[in-house]
Amino acid sequence: MRDALGAVQSVLVLGGSSDIGVAIAQKLARPRGASVVLAGRDAAALQAAAARVRGAGAGIVDTTAFDADDVDSHGELAQKLFAQRDYDVVVLAAGVLGDQAAAEADYREAVAVWRTNFLGCASIAMCVAQHLRRQGHGTLVVLSSVAAERVRRSNFVYGAAKAGLDGLAQGLGDSLVATGARVIVVRPGFVTTKMTQGRESVPFSSTPQAVADAVDNAIRRGSEIVWVPASLRLVMAVLRHVPRVVFRRLPL
Amino acid sequence: MPAEQHRLLTGWGRTAPTAATVVPLTEAAAQSTLKNPGERGVIARGLGRSYGDAAQNAGGVVLDGPAHAMLRAFDATTGVATLQAGVPLDALLRAMVPLGWFVPVTPGTRFVTVGGAVAADIHGKNHHVDGSFANHVTHLRLATPAGERTCSPEEDPDLFWATLGGMGLTGVILEAGVRLLPIATAFMRVDTERATDLDDLMARMALHDHRYRYSVAWIDCVTRGRALGRAVLTRGDHAELVDLPGRPHRAPLQYDPHTRLTAPSLVPSGVVRPGTAFLLNEAWYRKAPKLRRGAIRTVASFFHPLDGVRHWNRMYGKSGFLQYQFVVPFDREDVVRTAIQRLTAARCPSVLAVLKRFGAGNGGHLSFPQPGWSLALDLPVGTGDLPRILDELDVVVVEAGGRVYLAKDSRMSPEFVPVMYPRLSEWRAVCDRVDPDRVLQSDLDRRLALRRGRWKEP
Ligand SMILES: Cc1cc2nc3c(=O)[nH]c(=O)nc-3n(C[C@H](O)[C@H](O)[C@H](O)COP(=O)(O)OP(=O)(O)OC[C@H]3O[C@@H](n4cnc5c(N)ncnc54)[C@H](O)[C@@H]3O)c2cc1C
Ligand SMILES: NC(=O)c1ccc[n+]([C@@H]2O[C@H](COP(=O)([O-])OP(=O)(O)OC[C@H]3O[C@@H](n4cnc5c(N)ncnc54)[C@H](OP(=O)(O)O)[C@@H]3O)[C@@H](O)[C@H]2O)c1
């Protein structure tokens, strides 16, 4: 159970080898030695992630198979996971960046990005929400992106999927009011992780630890939307009103 | 009969809400939900005055006690009242004080139920003389998953002592026999004095508490330095007829407490902050007389001053607050000082800090009181390093041979429970006997693993 000061006892990370997901699990597990389950595709990467989470002071750390793209398996997977224990926090961190140029050349590239980032994530989010509602408590943390707030020319394939997921997560959060469960939508800017490896860091970039701190804070305070860094909220409040003719020419 | 409702519940601290199906507590409802509990079990709830999650059951059933509750019978020769568990002490006092009877133990609020008083084995300002609630309970009737049970110190004593302090996890209390205290008036004869610092306060309490039935000290938790622990000590007894002015008094047993104010429902978080806490502490200390003997006060103003403001817990705003209450043995006064020092140094403001000397404990497996000093601090959540400081204080308390009060807890680490409550395994054995399938469940139990190993291993 989450306690009065926000410490939690069990965490599930979907996309368990994600750098951001691991950082969040480490941060949340520390105070009470929470048990953690890392769910993902790559068994070796999950083992490595599990070692990092254990090293941060988690209690029992398990790994399990999860493929966001295999939506037919999601119902059963959620059923199996929640039959074993309650989860105080579920972090949805699976995602791919995709290749915008390739997607513009071949629509199937784009579909693959949407399959993982929207369809897969939305599907597992729905399954998880049902179990959180049933258990009467718990927080679903959805990794959206600053890209969702206003879709940009330079990565609209990824941005569109995140915009869809962001909207879904907000609606889901509203549907869970008074059920004891809740949803936190996280909108980071550029984060230095393996997803962005090799790319040039941009203004307002941050680290997985900064995202984890912000999520931890949001759980304690009951916030619904988290920007990382927090200043992005103001930046985007301005940017979202910039006229399209101007916006599409901005070097973003 | 009001239908069942699905709703969010919290304790008095208004932290960590969870949702449950709330069903009015009747004997039939208790029996049927215990028989067909659903996968997330059942817990009883009184007036929700425990601070944390003791009377919550996320996703499960919560049996709401006060919905249908009454005083069943009263025997004026023995003073024993037979009460339904949902009866609020407020209702009991209103019914019995005019007849010359008082509750044997009252907490700092009269808005608790008999069921809650039993399940937490509550203590009052008279612990050093009269012990806790359990010492005045003659029998209990419980609905358990294994069937209805009656227990007392003579009949099935294990179940009796597991239930007193058992936080509702041994069964749904349906009825309790409680021995009331005869009184001559509805007034208190009260001595008030100011102590200049913690040593002065503890010396005064140790020397003279035994002369009074009731004793409690309010400590200023904001002032640091030499005056750390300056306090107002109030002690008293039930007034006799001769104590009342204007003899013969017109209505010596008249009792009609009322709430005068209601706290607004939308208070922003942080109204209680270091600054305001300072002002409140300062005002309270200055208001108290340096020394005043034999003042006559009403029962309500002596025992339940906070009940004058309905929903005062809302003053802590949306993020809520918690109470940290521990007891340490008499030779460990230093822990009381450490706790106050660390919290004031970290500017975690406490508006209310209450110090009390406990007398002997009882046979309750998880009963909180043991001989020593008990300190209770109300603390708004979301200030500074509170989580870490409280975790560190837990260690200090445990090492001193003390414990934290489960009815107030909302944040402790489960690893300390077996150390603080060494009779935990006896208690678990009784739970296993009356509830082998673990139908009785609460958020407190989930958080502190009171019944251990709840989760199936993956
Ligand atoms: C302002 C204030 C001052 C306080 N002062 C004191 C004090 O001086 N001393 C002290 O000891 N405590 C004190 N308390 C704490 C309070 O007395 C206890 O938490 C008490 O248990 C609350 O009773 P309740 O009816 O509100 O029960 P709840 O808070 O609703 O429930 C408390 C526990 O009792 C169980 N329970 C309730 N009814 C039943 C039932 N019918 N069958 C089985 N289990 C049941 C619940 O499952 C839960 O575990 C204070 C609380 C407040 C808010
Ligand atoms: N990094 C940033 O700048 C940034 C900014 C905003 C938002 N985000 C979002 O934050 C989340 C975490 O990203 P990150 O930065 O931590 O990157 P990351 O380390 O690459 O993590 C993404 C994880 O998703 C997993 N994944 C990909 N496809 C999957 C699928 N079909 N099924 C299951 N798991 C799958 C990947 O695991 P495998 O490939 O090993 O299976 C990988 O571990 C993502 O949703 C991302 O979009 C990132």
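**Close-up 1. The shell around ligand 2.** Here we look at the 29 residues around ligand 2, where A:Ser18, A:Ala68, A:Gly95, A:Thr193 and A:Met195 come nearest; a residue is near a molecule if its C-beta atom, placed from the backbone, lies within 6 Å of it. In chain A, α1 (19–29) and α5 (107–135) are the elements that give two or more residues to this shell, and α1(A) gives the most, with three. Helices (H or I, at least four residues) and strands (E, at least two) are DSSP runs, numbered from the N terminus. By class, the shell around ligand 2 holds 12 nonpolar, 11 polar and six charged residues. Ala, Val, Leu, Ile, Met, Phe, Trp, Tyr, Cys and Pro count as nonpolar, Asp, Glu, Lys and Arg as charged, and the others, Gly among them, as polar.

A word on the model: it is predicted, with local features needing pLDDT of at least 70 and side-chain atom pairs counting only at pLDDT 80 or more, while totals for chains, interfaces and linings use all residues. Residues are numbered from 1 along each chain as its sequence is written, and chains are lettered from A and ligands numbered from 1 in the order in which they are written.

**Close-up 2. The shell around ligand 1.** Turn now to chain B, where B:Gly46, B:Pro107, B:Gly115, B:Gly116 and B:Gly168 come nearest among the 32 residues around ligand 1. The elements giving two or more residues to this shell are β3 (42–45), α3 (114–119) and β10 of chain B. Its residues divide into 17 nonpolar, 13 polar and two charged.

**Close-up 3. The largest nonpolar core, seen at A:Ala125.** This core has 211 residues, and A:Val11, A:Leu92 and A:Ala125 touch the most other members. A nonpolar core is a set of buried Ala, Val, Leu, Ile, Met, Phe, Trp, Tyr and Cys residues joined through C-beta atoms within 7 Å. Leaving aside residues up to four places away in sequence, A:Ala125 touches A:Leu92, A:Leu140, A:Val142, A:Leu168, A:Ala169 and A:Leu172; contact means C-beta atoms, placed from the backbone, within 7 Å.

**Close-up 4. Helix α7 of chain A.** Among the buried residues of α7(A) are A:Tyr158, A:Lys162, A:Asp166 and A:Leu168. A residue is buried if 20 or more other C-beta atoms, placed from the backbone, lie within 10 Å of its own. The buried residues of α7(A) pack against α4 (100–105), α5, β5 (138–143), α6 (146–149) and β6 (181–188) of chain A.

**Close-up 5. Strand β8 of chain B and its partners.** Six of the eight residues of β8 (residues 137–144) are buried. Six bridges pair β8(B) with β10 (residues 172–179) of chain B in the antiparallel sense; strands pair if DSSP finds at least two bridges between them. Look for B:Arg141 opposite B:Glu175 in β10(B). β8(B) also runs antiparallel to β9 (residues 147–151) of chain B, over five bridges, and these two strands form a hairpin with two residues between them. Here B:Thr144 has B:Gly147 of β9(B) as its bridge partner.

**Close-up 6. A:Ala39 in strand β2 of chain A.** A:Ala39 sits in β2 (residues 35–40) and counts as buried because 27 C-beta neighbours lie inside 10 Å. A:Leu12 is 27 residues from A:Ala39 in sequence, with 7.4 Å between their C-alpha atoms.

Notes: A residue is buried if 20 or more other C-beta atoms lie within 10 Å of its own, exposed if 12 or fewer, and partly exposed in between; C-beta atoms are placed from the backbone. Two residues are in contact if their C-beta atoms, placed from the backbone, lie within 7 Å.
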